[in-house]
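Subject: Structure handover

Hi,

Here is the structure I promised to pass on to you. Please have a look at it first, and then read on for what turned up.

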Number of protein chains: 2
Amino acid sequence: MSTPAQKHDVFQAIADPTRREVLRLLAEKELPISEIAIHFPMTRTAIAKHLQVLSSAELVSGRKQGREKIYRLQPEPLTELKQWLSFYEKFWENKLSILKHIVENPSENSLSVIHTEETDKN
Amino acid sequence: MSTPAQKHDVFQAIADPTRREVLRLLAEKELPISEIAIHFPMTRTAIAKHLQVLSSAELVSGRKQGREKIYRLQPEPLTELKQWLSFYEKFWENKLSILKHIVENPSENSLSVIHTEETDKN
DNA sequence: TTGACATGAAACCAAATGGTTTTATATAAT
DNA sequence: ATTATATAAAACCATTTGGTTTCATGTCAA
């Protein structure tokens with residue numbers, strides 16, 4: 001974490017399971033650091049740093065209110081992830097549709113396909 | 001990297017830009033390690049390790065053919081990412097639709113909303 | 001004003017990460 | 001048989017990461 005101030009990437013920000021859980025919490029409602037920290041088996045400080053990472057990726061924003069700092073979810077950067085993903089969707093949809101075809105048509109030559117692998121070994 | 005043999009998670013696997021670029025390459029066609037490495041400013045060994053990470057996340061699979069090891073894309077685990085993302089879509093779509101509403105209705109009280117922030121400072 | 005909270009900042013630490021170089025091994029080509 | 005190619009495995013290294021503890025500061029409450 002290391003309070004980098006440097007812009008973090010969305011991909012990197014969501015790589016950590018703790019940070020994903022923080023996002024999940026903030027999806028329900030905005031929360032001050034201490035309240036967030038209650039849900040985790042680590043110190044408030046550690047959570048504060050995770051929030052800084054999320055903040056530098058612009059996935060959350062924090063406003064100071066009295067003595068507490070309240071964080072809220074800012075989901076917009078996730079569109080970048082969605083875009084990235086959309087490129088790959090055609091690949092797995094393709095694979096799944098082939099599978100679907102085999103499952104839904106138990107006739108045809110499914111068995112011969114399976115046997116191909118077996119016979120290759122000989 | 002460190003050749004962990006341990007199962008890697010998709011989120012972690014795609015966190016690294018080099019690995020994302022590798023996936024992009026393999027999306028076009030399967031390739032042996034050396035060919036992949038040509039596209040990067042690092043050693044073949046480094047790429048081999050990235051491939052191990054991708055492999056342990058099951059985003060690629062490698063088969064040995066002669067003296068080369070050919071890797072191919074295996075996009076299925078990305079469905080987990082998509083699922084994760086889908087939870088957040090409602091949030092940003094919500095925000096965008098509010099924005100859209102403001103933009104498309106320049107009448108109404110958009111200005112008063114903007115002024116709220118200004119007057120808070122006093 | 002005197003504590004009690006909530007945070008911020010800094011120093012520190014172990015482990016993980018992203019890379020390198022070196023050495024070994026199997027396969028292909030001459 | 002020899003050499004070149006493709007990978008694998010291991011040792012090593014610097015930096016980053018995810019965490020801690022300690023100390024300082026601002027704010028709320030009594």
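Two residues are said to be in contact here if their C-beta atoms, placed from the backbone, lie within 7 Å. Please keep in mind that this is a predicted model.

Let's start with the two protein chains. By that rule, 17 residues of chain A are in contact with 17 residues of chain B. On the chain A side, helix 1 (10–13) and helix 5 (78–104) each supply at least two of the residues that touch chain B. Helix 5 of chain A gives the largest share, with 9 residues. Sorted by class, the side of chain A that touches chain B has 12 nonpolar, 2 polar and 3 charged residues.

How are the two chains related? Chain A superposes on chain B by a rotation of 180° with 0.0 Å of shift along its axis, and the RMSD is 0.0 Å. The two copies are therefore related as by a two-fold rotation axis.

Next, the DNA. There are 23 residues around DNA strand C, and those that come nearest are A:Pro32, A:Ser34, B:Thr43, B:Ala46 and B:Gly66. From chain A, helix 3 (33–38), helix 4 (44–56) and strand 3 (68–73) each supply at least two residues of the surface near DNA strand C, as does helix 4 (44–56) of chain B. Helix 4 of chain B provides the largest share of this surface, 4 residues. By class, the surface near DNA strand C divides into 7 nonpolar, 9 polar and 7 charged residues.

Finally, a look inside chain B. Here 3 strands form an open sheet in the order 1-3-2, with antiparallel pairing. Strand 1 (31–32) and strand 2 (60–65) of chain B are the edge strands, each pairing on one side only. Strand 1 of chain B is joined to strand 3 (68–73) of chain B by 2 bridges, and B:Leu31 has B:Tyr71 in strand 3 as its bridge partner. Helix 2 (17–28) of chain B lies across strand 1, strand 2 and strand 3 of chain B, and runs at about 90° to strand 3. Helix 4 of chain B also packs on the sheet, where it touches strand 2 and strand 3 of chain B; its direction makes about 120° with that of strand 2.

Key: Residues are numbered from 1 along each chain as its sequence is written. Chains are lettered from A and ligands numbered from 1 in the order in which they are written. This is a predicted model: local features need pLDDT of at least 70, side-chain atom pairs count only at pLDDT 80 or more; totals for chains, interfaces and linings use all residues. Ala, Val, Leu, Ile, Met, Phe, Trp, Tyr, Cys and Pro count as nonpolar, Asp, Glu, Lys and Arg as charged, and the others, Gly among them, as polar. A residue is near a molecule or strand if its C-beta atom, placed from the backbone, lies within 6 Å of it. Two strands pair if DSSP finds at least two bridges between them. Axes are lines fitted to C-alpha atoms, for helices over the stretch in contact, and angles run from 0 to 180 degrees between N-to-C directions. Copies are superposed by least squares on the C-alpha atoms of residues with pLDDT of at least 70 in both.
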